[in-house]
Amino acid sequence: MKTLIDKVKSGRKSKKLVKAARDVDMDISLAHSRVADGRLVLFENILIGEGAPTRVNVNVGTSSSASDAGDITEACIEEIGKARIARELGADTITDLSMAGDLDEMRQRVHSAAQLPLTTIPIYQAVSENGIESLEVDAIIDVAQKQLHEACSLVLYAGFTREMLPALRKRTMPMVSKGGSMTLAHMIHTNNENPFHEWFDEFIKLLRKEDGVLVLGNTLRSGCVVDFAKFNLSKDSPELLEFEVNRKLANRANEEGVQVIVEGLGGHIPPSSIASAVRTFKKRCPRPLFVAGPLPTDLAVGYDHIAAAIGSAMASGAGADYICCITAAEHLSLPTAEELRNGLIATRIAAHVGDLMKYGLSADEQKMAVERSRSNWESQFSLALDGGLRARARFSPSGGGCTMCGSFCALRTVERYFSSHL
Ligand code: SF4
């Protein structure tokens, strides 16, 4: 079977790609050439990468703590509700991280509630069903195959290898990726190489057969800003070592006709390093770059949705293509539906700010300026990133303005004096 990359490389047009390009006002031939080069990915029905808007992913899924507490049915319902919120509040993609309950059913229900392109992480289900130590690569491949029936993309942790272990020992927090920690534990227990790396060609065959998108996971993201600063992308920094392997694997996957998104620079990064690090990664590998965060400080615990929005706006503005919703519950607990709602809006604001930095002011910014100057409240609300949900609920009119300044509304005062004296 020919994959999308095979088709566009042979000069054929894809109807789905034509529609996705029109949706973002991208020249159709340019979209085809960027997909052929791997700079742009067609992710089910949306474009991610060069020239496309910054895309937002939301993670949902049951935690193993739900089954420990014996409330698995309620936990599943809660996660499915979050998938619905993701769609309603404008997420572009959804990732199912479930590790408790009937995982096949959860994946299908999350997908059906969200109606968004779905990503899955095969090692989560493989470990949940087999344990870490007795995990066999065949079990991961079987899960990956099964998941690709619903999912359009898989996260594989193939860029981390045994030779990177010494660099991790120099960190305060050696590794903070959950999927990465499972992979690492399996490697240490079996004394083998990373199975995703060793069996990469098998996964590629599978992705090729289903024309799925490969997401090369970022297991070596820093868990605190000081760990990033210790190496600061020197040649022995864990982030760069993993990224370099992922870069080569991405080239191999593209040569085999598989579309690729590369994860990198998530985690915790000092604010002064974010933009330059993103530019370095994009220069070395111009494929779509996915970042989770990065958090520019570790001290905003309890408010990490705000810290992450600041970090991801900086990353997106410097060239990151795809960012992940982080909630206030980060590092603390599974988020509530309300925390997810607030985290998603914060992430969408970050994506929009990033796009303003990348592409300049949008037409909606111009329209908003006019509507605000005229105090056209309903028009302002309909332009808001959340469709005006919060603004309509908070608006309190007073004297032609709002209760902030009451009868001393600056807009009305200036209008009155401008029109009568100038
Ligand atoms: S009252 Fe003050 S805050 Fe409200 S619209 Fe007028 S100037 Fe703006």
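Arg252 is partly exposed, with a relative accessible area of 38%. Here, buried means under 20% relative accessible area, exposed over 50%, and partly exposed in between (1.4 Å probe, protein chains only). The model is predicted: local features need pLDDT of at least 70, side-chain atom pairs count only at pLDDT 80 or more, and totals for chains, interfaces and linings use all residues. Residues are numbered from 1 along each chain as its sequence is written, and side-chain values use heavy atoms, with hydrogens and water left out.

Arg252 forms a salt bridge with Asp201. The closest N and O atoms are 2.6 Å apart. A salt bridge is a side-chain nitrogen of Lys or Arg within 4 Å of a carboxyl oxygen of Asp or Glu. Arg252 lies in helix H14 and Asp201 in helix H12, so the pair ties together parts that are 51 residues apart in sequence. Helices (H or I, at least four residues) and strands (E, at least two) are DSSP runs, numbered from the N terminus. Asp201 is partly exposed, at 45% relative accessible area.

Helix H12 spans residues 200–210. Its buried residues are Phe200, Phe203, Ile204, Leu206 and Leu207. Seen down the helix axis, these residues fall within an arc of 160°, so they line one face of H12. The arc is that of the directions from the helix axis to the C-beta atoms. Lys205 and Lys209 are exposed on the other side of H12. The buried residues of H12 pack against helix H8 (137–147), strand E6 (153–156), helix H11 (195–198), strand E7 (213–216) and helix H14 (238–255). Contact means heavy atoms within 4.5 Å. Asp211 follows H12 and has a positive phi, near 50°.

By the salt-bridge rule, the count comes to 22. One of them links Glu244 and Arg247, with the closest N and O atoms 2.9 Å apart. Glu244 and Arg247 are three residues apart in helix H14, separated by about one helical turn. An α-helix has 3.6 residues a turn, so residues three or four places apart point the same way. Glu244 counts as buried, at 18% relative accessibility.

Another salt bridge joins Lys282 to Asp321, the closest N and O atoms being 2.7 Å apart. Lys282 lies in helix H15 (residues 271–284) and Asp321 in the loop between H16 and strand E10 (322–324), so the pair ties together parts that are 39 residues apart in sequence. Lys282 is buried, with a relative accessible area of 18%. Asp321 is buried too, at 5%. Salt bridges that share partners also join Asp104, Arg107, Lys146 and Glu150 into one network.

Thr62 sits in the loop between strand E3 (55–60) and helix H4 (64–69). Thr62 counts as buried, at 2% relative accessibility. A polar atom of its side chain lies 2.6 Å from the backbone oxygen of Ala100. Leaving aside neighbours within four places in sequence, Thr62 is in contact with residues including Ile72, Cys76, Leu97 and Met106.

Backbone geometry was examined next. Most residues other than glycine have a negative phi, and most peptide bonds are trans. A cis peptide bond joins Gly293 and Pro294, with omega about -5°. Pro294 is found in the loop between strand E9 (289–292) and helix H16 (304–318). Asp25 is not a glycine, yet has a positive phi of about 55°. Asp25 is placed in the loop between helix H2 (15–23) and helix H3 (28–37). At 74% relative accessibility, Asp25 counts as exposed.

Ser375 also has a positive phi, near 50°. Ser375 is found in the loop between helix H18 (363–373) and H19. Ser375 is buried, with a relative accessible area of 11%. Gln380, in helix H19 (residues 377–383), is buried at 9%. Not counting residues up to four places away in sequence, Gln380 touches Met368, Glu371, Arg372 and Ser375.

The domain assignment gives domain 1 (52–359) and domain 2 (363–421). Such bounds come from an automatic or database domain assignment. The contact takes seven residues from domain 1 and five residues from domain 2. The C-alpha centres of the two domains lie 40 Å apart. The area buried between domain 1 and domain 2 is about 490 Å², of which carbon and sulfur atoms give 63%. Buried area is the accessible area (1.4 Å probe) that two parts lose on being put together, summed over both. The count of salt bridges between domain 1 and domain 2 is zero. Three residue pairs are in polar contact across this interface (both at pLDDT 80 or more). A polar contact is a pair of N or O atoms within 3.5 Å; within protein, one must be able to donate a hydrogen and the other to accept it, and residues adjacent in sequence count only if both atoms are side-chain atoms.
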